[in-house]
Amino acid sequence: MTENSDLLIIQKVLAGNRHAYAMLVDRYKDMAVGLAYNILLNREDAEETAQDAFIKAYGSLFSYRATAKFSTWLYRIIVNCALNKRKLKKYPTISIDTALQETLDIDSGDTYSTIISKTGKEHIREALESISYNERICISLYYLSELSVDEIHNVTGITNSNIKVLLYRGRKSLFASLQQRLKKEVNDLI
Amino acid sequence: MEKEDVLKKILESGSSKAPADFTANTMLAVEAFATKPIVYEPLVPPLMKRIFITCFGTVLMLVLLAAISIVSPEIDFIKMLRLPDISPETYQKIISGIIVFWCVFVINKLWTKHRWRLFAMHQ
């Protein structure tokens, strides 16, 4: 249903009705910002990236073929824009040793009060930060955008077997990291 | 609840949502993009282009002049080269081999290029 209506909107936009594009933006804005946020882990950058992706998608709408879902096509643009943004901005990287030390600090009682005072969202961001970019992209596309492995392959170009490995590894370390940070919430949910 | 569902729920709660004015701002940017006249900036500035053309022309003229004025020395080893004495059938096989190679190469290139599209159509 959504696919059909997406196509109708695209046809309208291509016919010259520029305002019809607002419906597509409205439909996919949360998904776009959410996905960009999970890659960049910065709200302002995520919003900017999502906007860039929508403008790029508008500019290339004539090249869109209905053989793939519009959302899949848009995901690909968002992932590319986010990766370009990351390259341009040169996000600070954290060494494995430092990350490990931080994890150990969390376990120790000294910093317990500091951790408790942080919000849940921050913990999730930190947990996402502890896994690699590719793992983060695959996890976001799989869990948030609910794409299949084949669809993730179409979006990212990573091979299916590699995606499965990334999902397995990412899921494992992310869950462990979340359990450390949000012990109570995770246990409540389980 | 399954581990997978827990992860999904936590990720959803930690994910960022678009602000209320996102659509309006994006549409303003789209409007600006759509109404902006397309101006293609040349990769090479006009002055540089003129210099390159002049240099190219000069080099070409010099090479032509040199080719006319310089008497080429005798190159004996070329005369000494002998092509292998093979039958016309062998030559035919070699040429067929080359043609088949390029045909398969082109088909492979086209297949690789359109594989995803064909795959999507079968889905």
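In what order do the elements of chain B run from the N terminus on? And how do chain A and chain B touch, down to the residues that make the contact of α2(A) with α2(B)?

Reply: From the N terminus on, chain B reads α-α-α-α-α. In this predicted model, chain B therefore has five helices and zero strands, with helices counted as DSSP runs of at least four residues. Chain A is built from helices too: there are 11 of them, and zero strands. Read from its N terminus, chain A runs α-α-α-α-α-α-α-α-α-α-α.

Burial is the next point. Of the 123 residues in chain B, 8% are buried. In chain A, which has 190 residues, 34% count as buried. Within chain A, take the contacts with a separation of 6 or more: 67% of them join residues 24 or more positions apart.

Now to the part you asked about. The contact between the chains takes 35 residues from chain A and 29 residues from chain B. On the side of chain B that touches chain A, the elements giving two or more residues are α1 (3–14), α2 (22–35) and α5 (88–122) of chain B. The most comes from α2(B), which gives 10 residues to that side. Sorted by class, the side of chain B that touches chain A has 16 nonpolar residues, six polar ones and seven charged ones.

Two packed helices are described by the angle between their axes and the distance between the axes. Here the partners are α2(B) and helix α2 of chain A, residues 21–40; they pack at an angle of about 135°, and their axes are 10 Å apart. The crossing of α2(A) and α2(B) is right-handed.

The residues can now be named. From α2(A), the contact is made by Y21(A), A22(A), V25(A), D26(A) and K29(A). From α2(B), the residues are F22(B), T23(B), T26(B), M27(B) and V30(B). By class, the contact of α2(A) with α2(B) has six nonpolar residues, two polar and two charged.

Methods: Residues are numbered from 1 along each chain as its sequence is written. Chains are lettered from A and ligands numbered from 1 in the order in which they are written. This is a predicted model: local features need pLDDT of at least 70, side-chain atom pairs count only at pLDDT 80 or more; totals for chains, interfaces and linings use all residues. Two residues are in contact if their C-beta atoms, placed from the backbone, lie within 7 Å. Ala, Val, Leu, Ile, Met, Phe, Trp, Tyr, Cys and Pro count as nonpolar, Asp, Glu, Lys and Arg as charged, and the others, Gly among them, as polar. Axes are lines fitted to C-alpha atoms, for helices over the stretch in contact, and angles run from 0 to 180 degrees between N-to-C directions. A crossing is left-handed if the near helix is turned anticlockwise from the far one by less than a right angle, and right-handed if clockwise. A residue is buried if 20 or more other C-beta atoms lie within 10 Å of its own, exposed if 12 or fewer, and partly exposed in between; C-beta atoms are placed from the backbone.
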